[in-house]
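Me: I would like to learn how to read an interface between two chains. Please take me through one.

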Amino acid sequence: MTTVINTPGIPGRDGSGHPHGLDVIDPHRIRQDFPILRQEVNGKPLVYLDNAATTQKPQAVIDAISNYYLHNNANVHRGVHTLSQRATDDYEAGREAVRRFINAPDANEVIYVRGTTEGLNLVASSYGRRYFKAGDEVIITGMEHHSNIVPWQILGKEIGIRLRVVPFNDDGELLMDQYETMLNDRTRMVSVVHQSNALGTVNPIPEMVELAHARGIHVMVDAAQSVPHMPVDVQALGADFLTFSGHKMYGPTGIGALWGRAELLDDMPPYQSGGEMIRSVTFEETIYNTLPHKFEAGTPDIAGAIGLGAAVEYLESIGMERIAAYEQALLRYGTEKLRDIEGVRLIGTAEEKGGVLSFHMEAAHPHDIGTILDAEGVAVRTGHHCAQPVMARYGIPATVRASLAFYNTTDDIDALVKAIDRVIEVFG
Amino acid sequence: MASLPDNPDALYGDVIMEHYRSPRHRRRLERPDAEAEEFNPFCGDRANLQLQLAKAASKVAVIAGVSAVAEGCSIIQASASLLADGVHGRTVDEASDLSQLFRDLMQGKPLPPVALEELGELSALEVVRQYPVRVKCALLPWVALEEGLRRLNRR
């Protein structure tokens, strides 16, 4: 893969060599890598704070995708011609990049999917149909995205499994003692979000895995919001499955990855069927292909996989430790600023949380806040964030959510605060 | 998408803010002749309409009782309140005509000369057209109204 990566300057570090605070990254240099950020919206500089919905794409990702279509477009794993070989090499290089990024033991355990939603559905459908029987239980948490609720509910209707939900406290932290008591002989799977999209809470995955594994229960992790913002090591987490989306980690839409332990994936039936996923087909019998192809029926999103690989390389060039440290510092800055505004109630105040500032204002509905913020050039998400049970937990219909990326600056937070002041002027 | 008006506060004019802050006709009816509710699953907004008919002196049934309860943003609440004011005292057919007129206004269709007079305060919601994503907020109570009117006609 011939992707040019703009390497940002190495900013100051403290004597210990560990990154700390806002000085670990120079966001103004980073912003040069993201052409889309150089624009005005409604006459104001764009302040993009909707990164939990989707992140912007660096030039390196855009170049990798257009390079594929300009020079290498061909189907993968099918032809002996040169273009097919190039496309296959770059497509598989993306898989290896993903493996390295999450420290998976083997690239064959990395399955390309459309995104986190498909990763969760694949496991629920394939693993669930294989192993679950009536009366079995699946444990999720009260802060799951709908995509980690509905697939299990569908299985519940089909097979008769029971969904158990770990509650959380007012700060948005899981009640671990309740989790522990929910684990029992009927539990077949724990499927849990790593970082909540609505609250920002980072859940204690290693601890949850340890408790589950002690009873021989497998753990699935929805890492859509964590992989883009912190170092994620599947072996350190100890989980059995982990899935995430490309477009939330500065890569393209329509591509993501599911990692799973080979011994589990090997034993699971295919999720979809067609080309690529077979070794041989007669009308009497089909022999499935090996991992990862068994789970990749049909022509895949080749450009997407190559773009995802470029996104991984771009993030590696900056370093996930530094990204996490910078975003944590920006989160602290934003939390203090929003706490100072009378009438703003932060939703999600966990000790361990990522760059999500979800809030509610008694004076104005989130839609009205969103419209006024947009007029100020500030892009945020308003709504239930596909996590209606979370909204119900706090007794509110929706929140406004500002979510951070490492190209955001303290100026962006200040613009948000100024725009909220406008809301108070209008609705006050 | 159209750009926003120069004054970002244009959406929040006096009529809309007044009806948002003090919505009319929110009291529930004891014996509604029809009730309808609409819900937007994307944002959680909800509008519930109750209608009650009574024979006027002219012997034509008019909407003598209306209750409009909306949950959500300022636009849906103002729209529901203005709707309730607008259909109160009208026949089912007149209410249906008003609903069509309001839809045409929100969708930017050409209106007959008498339309603005007919719409009255409702024309204050025309500004919402400049915020296309908010048009569905303004229309939600009217979807409930149309269902309510259909139910009245079926009685």
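Reply: This is a predicted model. Start with a specific pair: the side chains of D368(A) and R134(B) form a salt bridge, 2.7 Å from N to O.

Me: How many salt bridges are there between chain A and chain B?

Reply: The count is 1 salt bridge between chain A and chain B. Polar contacts are a separate tally, with 8 residue pairs across the interface, both residues at pLDDT 80 or more.

Me: Which elements of chain A give two or more residues to the side that touches chain B?

Reply: They are α12 (366–375) and α14 (410–427) of chain A. α12(A) gives the most, with 6 residues. By class, that side of chain A has 6 nonpolar, 7 polar and 4 charged residues.

Me: What area is buried between the two chains, and what share of it comes from carbon and sulfur atoms?

Reply: About 1400 Å² is buried between chain A and chain B, and carbon and sulfur atoms give 54% of that. On the side of chain A, H367(A), T371(A) and F427(A) lose the most area to chain B, together 32% of what that side buries. The contact takes 17 residues from chain A and 20 residues from chain B.

Me: Where in chain A does pLDDT stay under 50?

Reply: Low pLDDT means that predicted coordinates should not be read in detail. In chain A, pLDDT stays under 50 over residues 1–19, for which the model has 40 contacts beyond four places in sequence. For chain A as a whole, the mean pLDDT is 93, and 95% of its residues reach 70 or more.

Technical notes: Residues numbered from 1 in each chain as written. Chains lettered and ligands numbered in written order. Heavy atoms only, no water. Contact = heavy atoms within 4.5 Å. Buried area = accessible area lost by both parts, 1.4 Å probe. Salt bridge = Lys/Arg side-chain N within 4 Å of Asp/Glu carboxyl O. Polar contact = N/O pair within 3.5 Å; in protein donor to acceptor, adjacent residues only side chain to side chain. Helix = DSSP H or I, 4+ residues; strand = E, 2+ residues; numbered from the N terminus. Nonpolar A, V, L, I, M, F, W, Y, C, P; charged D, E, K, R; others polar. pLDDT = per-residue confidence, 0-100.
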